[in-house]
Amino acid sequence: VTLSEGARAGTGRELGMLDSLLSLGGLVLLRDSVEWEGRSLLKALIKKSALCGEQVHILGCEVSEEEFREGFDSDINNRLVYHDFFRDPLNWSKTEEALPGGPLGALRAICKRTDPGPVTIALDSLSWLLLHLPCTTLCQALHAVSHQDSCPGDSSPVGKVSVLGLLHEELHGPGPVGALSSLAQTEVTLGGTKGQASAHILCRRPRQRPTDQTQWFSILPDFSLDLQEGPSVESQPCSDPHIPPVDPTTHLTFNLHLSKKEREARDSLILPFQFSSEKQQALLRPRPGQATSHIFYEPDAYDDLDQEDPDDDLDI
Amino acid sequence: MAAVASCGSASTGSAVATASKSNVTSFQRRGPRASGTNDSGPRLVSIAGTRPSVRNGQLLVSTGLPALDQLLGGGLAIGTVLLIEEDKYNIYSPLLFKCFLAEGIVNGHTLLVASAKEDPANILQELPAPLLDDNSKKEFDEDVYNHKTPESNIKMKIAWRYQLLPKMEIGPVSSRFGHYYDASKRIPQELIEASNWHGFFLPEKVSSTLKVEPCSLTPGYIKLLQFIQNIISEEGFDGSNPQKKQRNVLRIGIQNLGSPLWGDDICCAENVSNSHSLTKFLYVLRGLLRTSLSACIITMPTHLIQNKAIIARVTNLSDIVIGLESFIGSERETNTLYKDYHGLIHIRQIPRLNNLICDESDVKDLAFKLKRKLFTIEVREFLCFSLQS
């Protein structure tokens, strides 16, 4: 699958890319902006993975737990394991339910679990973590979490781990965003036009070319994902590949075209630097019938044709 | 620098190292040779997989790609660092990295693989398989035949001088130096098991709670340097332990150096607090390499480094710098001028080792492509076709 741009969401295979985001595992980076917010897509993906029966852990740092759980129905809410770092991020109240080590400690604790099965971890949000933790520590922790399932020979067969991270692009410079996107297996950038949201999905498989696709979607009030066709194609005339190229030789005052006979004559022409055997023979053979020109030379008194000293400068 | 010249004797290498100890003279009587060495002449140091440069006698090893060896003037000199600037999606630079390591396994060199991202054992499992001599000519011809599109069969009539340009791709070389690798097959398991390799996987070695004082190396780099130094001194690559066995070369491969996974934040911010960590690491590494029989390949994600001054310093501290630029995701992918190739290779720096001038090749316009099996580097031929009638 080569890189393709534009709103081509026609075939069923491509429609499944947004659905199958979580099946690849690893880090999925959701990049949103002020205009196109990503928390609703995050909640939609959480709902989908909860309905698939996976364990879902949420590290909530940016919004309160009530606000995050709002909109989910009760059976999904019961499946979500919520780690709250919004209410008391620095653990001042020192309750026993607070997890040691902060958000990264919670991440590592989730990974040390012993029960098998696929796990989805949602980070809300990576921007909050980037602002509170050094970038390198966060990158190392994310790498350790998302690559845990790939080490062979473990005693406990842990399942696949997917990490969904919400990143607000406008808060960070190109450095942290570039570092996180080089770690991510999948990158979803939210955008859209005219009230229609789109997700540009870039999938990096480990040793293959990255594939990308743009998927138009909308989120229904109960946080289920509705995939859609893009806006009408007439609104994008510049991407039409069927415009015939303009022929520059149509309105000229001189003739640039060759007829078939002229083309054959041109192709059979031997160029002057090409030294073929016929040319060699022609040069070697004396040409009959040619008006040969001879040079008549009579040496006069001043000419001294001395072959040993043609320049007359030897002083003997 | 441990430049073992072709006419030096076997004791010269150890003499260089022990010169500081014995202040009398650096010339030593050649001791009794160890049994089992099959040197052809009394004065030649022949390590498998190396050859002296025809220009200055520097001992060279192959990089794993014969076309790249030709561009670098014969190969990679022992004691130097080859830095590869990764392409944006990190697809082609691991291939060069693995060809270097595979060349080490085929020649019987000792390997040291360091990575913060993947386990070195997994990296070794994915090395490409070597093309053996009798098969390689067949494979090579078949690939060249597939490469000849109908357009390239047009004999050039007007731009005929371009037909005389030397082709970058050379025929199969002898099995002594430089092998071809099949990127679609894995190296046989018995070759890996027969080889001597050491792995350094950062998450296993460093606990994440170390405090770093400013202006010093990050803990990951310190551990890696200590590891390399231990291997060099234990296995006698610097001549400190007299080697009973045949002398060998250590090939060091470091992957993704400078990325955040090594604990270095030059990729994360423009004004970093510890911007000299990577440059100090390269300086110490080069010192270790110069005093031992080793060669090093490093891949670095320079497209992520925010501060251009750091990239310039890193380039100056390395010996050979090659940049890979792939066309994926850029507008050049659909450009007809570049349609035969997958990316461009930029040779940014070639060292001047014991020389006033460096060994540059004449062609600077190089492109690479990953065919079904082979990775080839060619001169860009688009100019020739655009001059055709």
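Mentor: Leaving aside residues up to four places away in sequence, Asp319(B) touches Gly79(B), Thr80(B), Val81(B), Arg286(B), Arg290(B), Gln349(B), Ile350(B) and Pro351(B), where a contact means heavy atoms within 4.5 Å. This is a predicted model, in which local features need pLDDT of at least 70 and side-chain atom pairs count only at pLDDT 80 or more, while totals for chains, interfaces and linings use all residues. Residues are numbered from 1 along each chain as its sequence is written, chains are lettered from A and ligands numbered from 1 in the order in which they are written, and side-chain values use heavy atoms, with hydrogens and water left out.

Asp319(B) sits in the loop between α10 (308-317) and β11 (320-326) of chain B; here helices (H or I, at least four residues) and strands (E, at least two) are DSSP runs, numbered from the N terminus. Asp319(B) counts as buried because its relative accessibility is 4%, and the word buried stands for under 20% relative accessible area, exposed for over 50%, and partly exposed for what lies in between (1.4 Å probe, protein chains only).

The side chain of Asp319(B) meets that of Arg286(B) in a salt bridge (3.5 Å, N to O), a term for a side-chain nitrogen of Lys or Arg within 4 Å of a carboxyl oxygen of Asp or Glu. Since Asp319(B) lies in the loop between α10 and β11 and Arg286(B) in helix α9 (residues 277-290) of chain B, the pair ties together parts that are 33 residues apart in sequence. The side chains of Asp319(B) and Arg290(B) are joined by a polar contact of 3.0 Å, and a polar atom of the Asp319(B) side chain lies 2.9 Å from the backbone nitrogen of Val81(B). A polar contact is a pair of N or O atoms within 3.5 Å; within protein, one must be able to donate a hydrogen and the other to accept it, and residues adjacent in sequence count only if both atoms are side-chain atoms.

Over all chains, the count comes to 13 salt bridges. In chain A, one of them joins Arg69(A) to Glu65(A), with the closest N and O atoms 3.1 Å apart; both residues lie in helix α3 (residues 65-69), four residues apart, which is about one turn of the helix. Also in chain A, Asp84(A) and Arg87(A) meet in a salt bridge (3.9 Å, N to O), in which Asp84(A) is partly exposed at 27% relative accessibility, whereas Arg87(A) is exposed at 62%.

Between chain B and chain A, by contrast, the count is zero salt bridges, and two residue pairs are in polar contact. In this interface 28 residues of chain B are in contact with 24 residues of chain A.

A word on confidence belongs here: pLDDT is the predictor's confidence in each residue, from 0 to 100. Chain B has a mean pLDDT of 77, with 71% of its residues at 70 or more, and over residues 143-153 of chain B the pLDDT stays under 50. Where pLDDT is low, the predicted coordinates should not be read in detail. For the complex, the predictor gives an ipTM of 0.75 and a pTM of 0.75.
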